[in-house]
Amino acid sequence: CYNLRSDRDQFSFKTRNRRQCRTYTMSNFIERLAEAIGQKGYDNAYRRSVQTAILFEAHRCISDKLPAMRPFQRKIAFFDQARALLEATDLTPQQQMEVMWRTGTSKETLNPETAWKRLKLIERELEKICDKVRPLCKNGKSHDAIMDEYVRLQFEAVTGQKDKQVPDNWENTHNNVIMTYRMNYHGTDLDPNLPDPAPFKEVVVPSAKPREDDPAYLLKMPGDSEQGNTTALSQQVKESAEDRLAMLQEIRAHMDLLNDFVGIIPQEQLHKRKRELYLAMPNTPPTASERAKRLRQVLEGLEGMNEDMS
(Lines give C-alpha, C1' and ligand atoms only; values in the text may rest on other atoms or scores of the structure.)
Protein backbone atom coordinates (compact mmCIF):
# COMPACT_ATOMS: atom_id res chain seq x y z
CA CYS A 1 0.00 0.00 0.00
CA TYR A 2 2.96 2.35 0.52
CA ASN A 3 6.04 2.86 -1.60
CA LEU A 4 9.43 3.79 -0.19
CA ARG A 5 10.75 6.56 -2.40
CA SER A 6 14.45 7.43 -2.11
CA ASP A 7 15.86 10.81 -3.08
CA ARG A 8 19.20 12.41 -2.46
CA ASP A 9 17.83 14.49 0.41
CA GLN A 10 14.88 12.58 1.81
CA PHE A 11 12.89 9.38 2.04
CA SER A 12 9.13 9.28 1.58
CA PHE A 13 6.41 6.75 2.32
CA LYS A 14 3.76 7.76 -0.19
CA THR A 15 0.27 6.45 -0.83
CA ARG A 16 0.06 4.67 -4.20
CA ASN A 17 -3.68 4.07 -4.38
CA ARG A 18 -5.96 5.30 -1.62
CA ARG A 19 -8.82 3.04 -2.69
CA GLN A 20 -6.64 0.01 -2.00
CA CYS A 21 -5.32 1.33 1.29
CA ARG A 22 -6.72 1.00 4.77
CA THR A 23 -9.20 3.52 6.13
CA TYR A 24 -7.54 6.67 7.42
CA THR A 25 -7.78 7.17 11.18
CA MET A 26 -8.27 10.93 11.00
CA SER A 27 -12.05 11.46 11.01
CA ASN A 28 -12.58 8.71 13.57
CA PHE A 29 -9.91 10.10 15.86
CA ILE A 30 -11.24 13.66 15.66
CA GLU A 31 -14.72 12.43 16.58
CA ARG A 32 -13.40 10.38 19.50
CA LEU A 33 -11.30 13.29 20.73
CA ALA A 34 -14.25 15.69 20.61
CA GLU A 35 -16.36 13.19 22.54
CA ALA A 36 -13.61 12.77 25.16
CA ILE A 37 -13.28 16.54 25.61
CA GLY A 38 -17.01 16.84 26.19
CA GLN A 39 -19.89 19.06 25.08
CA LYS A 40 -18.52 22.13 26.85
CA GLY A 41 -15.52 22.08 24.54
CA TYR A 42 -11.81 22.53 25.04
CA ASP A 43 -10.47 24.16 28.19
CA ASN A 44 -6.80 25.01 28.66
CA ALA A 45 -6.88 22.85 31.79
CA TYR A 46 -7.19 19.86 29.43
CA ARG A 47 -3.99 20.84 27.58
CA ARG A 48 -1.83 17.91 28.69
CA SER A 49 -4.64 15.37 28.26
CA VAL A 50 -5.24 16.46 24.67
CA GLN A 51 -1.49 16.47 24.00
CA THR A 52 -1.25 12.90 25.27
CA ALA A 53 -4.11 11.77 23.02
CA ILE A 54 -2.49 13.46 20.01
CA LEU A 55 0.93 11.90 20.62
CA PHE A 56 -0.52 8.43 21.20
CA GLU A 57 -2.55 8.54 17.98
CA ALA A 58 0.36 9.98 15.97
CA HIS A 59 2.51 7.02 16.99
CA ARG A 60 -0.32 4.61 16.20
CA CYS A 61 -0.72 6.13 12.72
CA ILE A 62 2.80 5.20 11.63
CA SER A 63 3.68 2.33 13.96
CA ASP A 64 4.11 -0.13 11.10
CA LYS A 65 6.39 2.28 9.19
CA LEU A 66 8.84 2.94 12.03
CA PRO A 67 10.94 -0.26 11.77
CA ALA A 68 12.14 0.80 8.31
CA MET A 69 13.42 4.15 9.61
CA ARG A 70 16.50 5.24 11.49
CA PRO A 71 15.92 6.39 15.11
CA PHE A 72 15.99 10.13 14.35
CA GLN A 73 13.69 9.62 11.34
CA ARG A 74 11.14 7.87 13.55
CA LYS A 75 11.00 10.86 15.87
CA ILE A 76 10.58 13.35 13.03
CA ALA A 77 7.92 11.27 11.25
CA PHE A 78 6.03 10.76 14.52
CA PHE A 79 6.16 14.46 15.34
CA ASP A 80 5.02 15.41 11.85
CA GLN A 81 1.96 13.19 12.21
CA ALA A 82 1.20 14.77 15.59
CA ARG A 83 1.21 18.23 14.01
CA ALA A 84 -1.08 17.05 11.21
CA LEU A 85 -3.53 15.57 13.69
CA LEU A 86 -3.53 18.71 15.82
CA GLU A 87 -4.06 21.03 12.85
CA ALA A 88 -7.08 18.95 11.76
CA THR A 89 -8.92 19.54 15.04
CA ASP A 90 -11.39 22.36 15.67
CA LEU A 91 -9.01 24.00 18.12
CA THR A 92 -8.00 27.58 17.41
CA PRO A 93 -4.36 28.33 16.47
CA GLN A 94 -3.75 29.65 19.99
CA GLN A 95 -5.19 26.51 21.56
CA GLN A 96 -3.08 24.35 19.24
CA MET A 97 0.03 26.17 20.46
CA GLU A 98 -1.01 25.60 24.07
CA VAL A 99 -1.50 21.89 23.51
CA MET A 100 2.10 21.50 22.30
CA TRP A 101 3.74 23.41 25.16
CA ARG A 102 6.20 21.44 27.25
CA THR A 103 4.90 23.15 30.39
CA GLY A 104 2.31 25.83 30.99
CA THR A 105 4.93 27.90 32.80
CA SER A 106 7.68 28.01 30.20
CA LYS A 107 5.38 27.91 27.14
CA GLU A 108 8.26 26.27 25.29
CA THR A 109 7.03 24.07 22.45
CA LEU A 110 7.85 20.41 22.06
CA ASN A 111 10.28 19.24 19.40
CA PRO A 112 10.62 15.72 17.96
CA GLU A 113 13.09 14.65 20.65
CA THR A 114 11.09 15.83 23.66
CA ALA A 115 7.83 14.60 22.14
CA TRP A 116 9.32 11.13 21.65
CA LYS A 117 10.52 11.02 25.26
CA ARG A 118 7.08 12.09 26.43
CA LEU A 119 5.54 9.30 24.35
CA LYS A 120 7.65 6.72 26.21
CA LEU A 121 6.42 8.11 29.52
CA ILE A 122 2.84 7.92 28.25
CA GLU A 123 3.27 4.25 27.36
CA ARG A 124 4.50 3.46 30.88
CA GLU A 125 1.63 5.37 32.47
CA LEU A 126 -0.89 3.50 30.32
CA GLU A 127 0.56 0.21 31.59
CA LYS A 128 0.09 1.40 35.17
CA ILE A 129 -3.54 2.30 34.53
CA CYS A 130 -4.04 -1.11 32.92
CA ASP A 131 -2.80 -2.81 36.10
CA LYS A 132 -5.13 -0.73 38.26
CA VAL A 133 -8.13 -1.25 35.99
CA ARG A 134 -7.76 -5.04 35.82
CA PRO A 135 -9.47 -5.74 39.20
CA LEU A 136 -12.42 -3.58 38.13
CA CYS A 137 -13.12 -5.60 35.00
CA LYS A 138 -16.12 -7.83 35.62
CA ASN A 139 -18.35 -9.83 33.32
CA GLY A 140 -20.83 -7.66 31.48
CA LYS A 141 -19.29 -4.38 32.64
CA SER A 142 -18.80 -1.83 29.89
CA HIS A 143 -15.52 -0.02 29.33
CA ASP A 144 -17.07 3.35 30.21
CA ALA A 145 -18.46 1.90 33.45
CA ILE A 146 -15.02 0.51 34.31
CA MET A 147 -13.36 3.85 33.62
CA ASP A 148 -16.00 5.76 35.60
CA GLU A 149 -15.29 3.53 38.59
CA TYR A 150 -11.54 3.97 38.16
CA VAL A 151 -11.91 7.78 37.97
CA ARG A 152 -14.04 7.74 41.13
CA LEU A 153 -11.35 5.79 42.99
CA GLN A 154 -8.73 8.29 41.81
CA PHE A 155 -10.93 11.20 42.87
CA GLU A 156 -11.41 9.72 46.34
CA ALA A 157 -7.68 9.04 46.72
CA VAL A 158 -6.73 12.61 45.78
CA THR A 159 -9.49 14.54 47.55
CA GLY A 160 -10.38 12.17 50.39
CA GLN A 161 -14.06 12.79 49.61
CA LYS A 162 -16.00 9.55 49.17
CA ASP A 163 -19.54 10.91 49.18
CA LYS A 164 -19.06 13.77 46.72
CA GLN A 165 -19.91 13.43 43.04
CA VAL A 166 -16.93 13.49 40.67
CA PRO A 167 -17.03 16.77 38.68
CA ASP A 168 -17.37 16.46 34.91
CA ASN A 169 -14.01 16.02 33.16
CA TRP A 170 -12.20 15.99 36.51
CA GLU A 171 -9.79 13.35 35.23
CA ASN A 172 -8.78 15.49 32.23
CA THR A 173 -7.41 18.15 34.56
CA HIS A 174 -5.72 15.84 37.09
CA ASN A 175 -4.36 12.92 35.06
CA ASN A 176 -3.25 13.48 31.48
CA VAL A 177 -3.33 9.77 30.51
CA ILE A 178 -6.87 8.75 31.49
CA MET A 179 -8.43 10.42 28.41
CA THR A 180 -6.15 8.42 26.11
CA TYR A 181 -6.87 5.18 27.96
CA ARG A 182 -10.61 5.74 27.77
CA MET A 183 -10.41 6.53 24.04
CA ASN A 184 -8.22 3.63 22.95
CA TYR A 185 -8.66 0.72 25.36
CA HIS A 186 -11.41 -1.74 26.11
CA GLY A 187 -10.91 -3.10 29.59
CA THR A 188 -7.22 -3.99 29.78
CA ASP A 189 -6.57 -4.34 26.04
CA LEU A 190 -6.48 -2.02 23.07
CA ASP A 191 -9.98 -1.65 21.64
CA PRO A 192 -10.28 -4.20 18.80
CA ASN A 193 -12.77 -1.89 17.06
CA LEU A 194 -10.19 0.83 16.50
CA PRO A 195 -9.55 1.40 12.77
CA ASP A 196 -6.30 0.07 11.40
CA PRO A 197 -3.51 2.64 11.78
CA ALA A 198 -2.46 4.51 8.66
CA PRO A 199 -0.67 7.86 8.14
CA PHE A 200 -2.98 10.82 7.66
CA LYS A 201 -0.39 12.62 5.58
CA GLU A 202 2.59 11.58 3.49
CA VAL A 203 5.49 10.55 5.71
CA VAL A 204 8.61 12.46 4.67
CA VAL A 205 11.83 12.39 6.68
CA PRO A 206 15.34 13.77 6.02
CA SER A 207 18.14 11.39 5.13
CA ALA A 208 20.61 13.19 7.42
CA LYS A 209 19.97 14.01 11.06
CA PRO A 210 19.34 17.77 11.56
CA ARG A 211 20.62 19.73 14.54
CA GLU A 212 18.09 20.06 17.34
CA ASP A 213 18.32 23.85 17.05
CA ASP A 214 17.69 23.70 13.31
CA PRO A 215 14.51 25.74 12.59
CA ALA A 216 13.27 22.85 10.44
CA TYR A 217 13.43 20.66 13.56
CA LEU A 218 11.34 23.02 15.68
CA LEU A 219 7.58 23.21 15.84
CA LYS A 220 5.99 25.89 13.67
CA MET A 221 2.37 26.44 14.56
CA PRO A 222 -0.33 28.18 12.49
CA GLY A 223 0.06 31.97 12.34
CA ASP A 224 3.80 31.97 13.05
CA SER A 225 5.97 34.19 10.85
CA GLU A 226 9.71 33.90 10.33
CA GLN A 227 10.23 37.03 12.43
CA GLY A 228 7.89 35.63 15.06
CA ASN A 229 9.91 32.43 15.16
CA THR A 230 13.14 34.38 15.60
CA THR A 231 11.69 36.26 18.55
CA ALA A 232 10.29 33.10 20.08
CA LEU A 233 13.57 31.21 19.75
CA SER A 234 15.51 34.09 21.27
CA GLN A 235 13.05 34.18 24.14
CA GLN A 236 13.43 30.42 24.65
CA VAL A 237 17.18 30.83 25.13
CA LYS A 238 16.74 33.76 27.51
CA GLU A 239 14.11 31.98 29.56
CA SER A 240 15.86 28.59 29.72
CA ALA A 241 16.79 29.19 33.37
CA GLU A 242 13.17 30.04 34.20
CA ASP A 243 12.05 26.89 32.39
CA ARG A 244 14.40 24.72 34.45
CA LEU A 245 13.26 26.42 37.64
CA ALA A 246 9.62 25.79 36.72
CA MET A 247 10.37 22.13 36.04
CA LEU A 248 12.17 21.79 39.38
CA GLN A 249 9.23 23.39 41.18
CA GLU A 250 6.81 21.03 39.44
CA ILE A 251 8.95 18.01 40.40
CA ARG A 252 9.17 19.24 44.00
CA ALA A 253 5.39 19.62 44.14
CA HIS A 254 4.99 16.04 42.96
CA MET A 255 7.54 14.89 45.56
CA ASP A 256 5.56 16.63 48.30
CA LEU A 257 2.37 15.01 47.04
CA LEU A 258 3.99 11.56 47.16
CA ASN A 259 5.05 12.20 50.76
CA ASP A 260 1.39 12.70 51.63
CA PHE A 261 0.73 9.12 50.49
CA VAL A 262 3.29 7.51 52.84
CA GLY A 263 1.56 4.62 54.57
CA ILE A 264 -1.20 4.56 51.94
CA ILE A 265 0.76 3.56 48.83
CA PRO A 266 3.25 0.66 49.06
CA GLN A 267 6.77 1.90 49.84
CA GLU A 268 8.24 0.19 46.79
CA GLN A 269 5.84 2.06 44.51
CA LEU A 270 6.66 5.37 46.22
CA HIS A 271 10.40 4.81 45.71
CA LYS A 272 9.79 3.97 42.05
CA ARG A 273 7.79 7.15 41.42
CA LYS A 274 10.37 9.29 43.23
CA ARG A 275 13.14 7.80 41.14
CA GLU A 276 11.18 8.61 37.96
CA LEU A 277 10.84 12.20 39.14
CA TYR A 278 14.57 12.35 39.88
CA LEU A 279 15.39 11.12 36.36
CA ALA A 280 13.07 13.80 34.94
CA MET A 281 15.07 16.63 36.52
CA PRO A 282 16.54 19.11 34.00
CA ASN A 283 20.20 19.11 33.07
CA THR A 284 22.80 21.45 34.55
CA PRO A 285 22.22 25.02 33.24
CA PRO A 286 24.45 25.96 30.27
CA THR A 287 27.03 28.68 30.56
CA ALA A 288 26.48 32.12 29.08
CA SER A 289 28.82 31.30 26.18
CA GLU A 290 26.94 28.08 25.44
CA ARG A 291 23.62 29.95 25.39
CA ALA A 292 25.06 32.61 23.07
CA LYS A 293 26.47 29.92 20.76
CA ARG A 294 23.12 28.15 20.53
CA LEU A 295 21.33 31.43 19.79
CA ARG A 296 23.83 32.23 17.00
CA GLN A 297 23.27 28.78 15.48
CA VAL A 298 19.51 29.24 15.54
CA LEU A 299 19.67 32.68 13.93
CA GLU A 300 22.13 31.46 11.27
CA GLY A 301 19.75 28.62 10.48
CA LEU A 302 16.88 31.05 10.05
CA GLU A 303 18.98 33.25 7.77
CA GLY A 304 19.80 30.21 5.67
CA MET A 305 16.11 29.39 5.35
CA ASN A 306 15.34 32.94 4.24
CA GLU A 307 18.09 32.77 1.60
CA ASP A 308 16.73 29.46 0.28
CA MET A 309 13.25 30.97 0.00
CA SER A 310 14.43 34.13 -1.76
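Q: Why is Lys107 called partly exposed?
A: Its relative accessibility is 46%. Buried means under 20% relative accessible area, exposed means over 50%, and partly exposed is in between, using a 1.4 Å probe and protein chains only. The value 46% falls in between, so Lys107 counts as partly exposed. As for where to look, Lys107 sits in the loop between α4 (93-99) and α5. Its phi is positive, about 60°, although Lys107 is not a glycine.

Q: What kind of model is this, and how are residues numbered?
A: It's a predicted model, where local features need pLDDT of at least 70 and side-chain atom pairs count only at pLDDT 80 or more, while totals for chains, interfaces and linings use all residues. Residues are numbered from 1 along each chain as its sequence is written, and side-chain values use heavy atoms, with hydrogens and water left out.

Q: What makes Asn169 buried or exposed?
A: Asn169 has 17% relative accessibility, so it counts as buried. Asn169 is in the loop between α6 and α7, and its phi is near 60°, a positive value in a residue other than glycine.

Q: How do you know whether Asp168 is buried or exposed?
A: Check its relative accessible area: it is 65%, so Asp168 is exposed. Asp168 is placed in the loop between α6 and α7 (170-174).

Q: Why does Glu250 count as partly exposed?
A: Glu250 comes out at 36% relative accessibility, so partly exposed is the label. You'll find Glu250 in helix α10 (residues 240-259).

Q: Why is α2 called oblique to α3?
A: The axes of α2 (residues 47-61) and α3 (residues 71-87) come within 8 Å and cross at roughly 120°. Axes are lines fitted to C-alpha atoms, for helices over the stretch in contact, and angles run from 0 to 180 degrees between N-to-C directions. Angles under 35 degrees count as roughly parallel, over 145 as roughly antiparallel, 65 to 115 as roughly perpendicular and the rest as oblique. That leaves α2 oblique to α3.

Q: Which residues make the contact of α2 with α3?
A: Contact means heavy atoms within 4.5 Å. On α2, Ile54, Leu55, Glu57, Ala58, His59 and Cys61 take part, and on α3, Phe78, Gln81, Ala82, Leu85 and Leu86. They divide into 8 nonpolar, 2 polar and 1 charged. Here Ala, Val, Leu, Ile, Met, Phe, Trp, Tyr, Cys and Pro count as nonpolar, Asp, Glu, Lys and Arg as charged, and the others, Gly among them, as polar.

Q: What makes α2 roughly perpendicular to α5?
A: These helices pack at about 95°, with axes 10 Å apart. The angle therefore makes α2 roughly perpendicular to α5. Their contact residues divide into 7 nonpolar, 3 polar and 3 charged.

Q: Why are α5 and α11 described as roughly antiparallel?
A: The axes of α5 and α11 (residues 267-279) come within 14 Å and cross at roughly 165°, so the two helices are roughly antiparallel to each other. Glu125, Lys128 and Lys132 in α5 meet Gln269, Arg273 and Glu276 in α11. This contact has no nonpolar residues, 1 polar and 5 charged.

Q: What makes a group of residues a nonpolar core, and which members of the largest one touch the most others?
A: A nonpolar core is a set of buried Ala, Val, Leu, Ile, Met, Phe, Trp, Tyr and Cys residues joined through side-chain atoms within 4.5 Å. The largest has 53 residues, and Leu33, Val50, Ile54, Phe78, Met179 and Tyr181 touch the most other members. Apart from it lies another core of 5 residues, among them Ile251, Leu258, Phe261 and Leu277.

Definitions and conventions
Helices (H or I, at least four residues) and strands (E, at least two) are DSSP runs, numbered from the N terminus.
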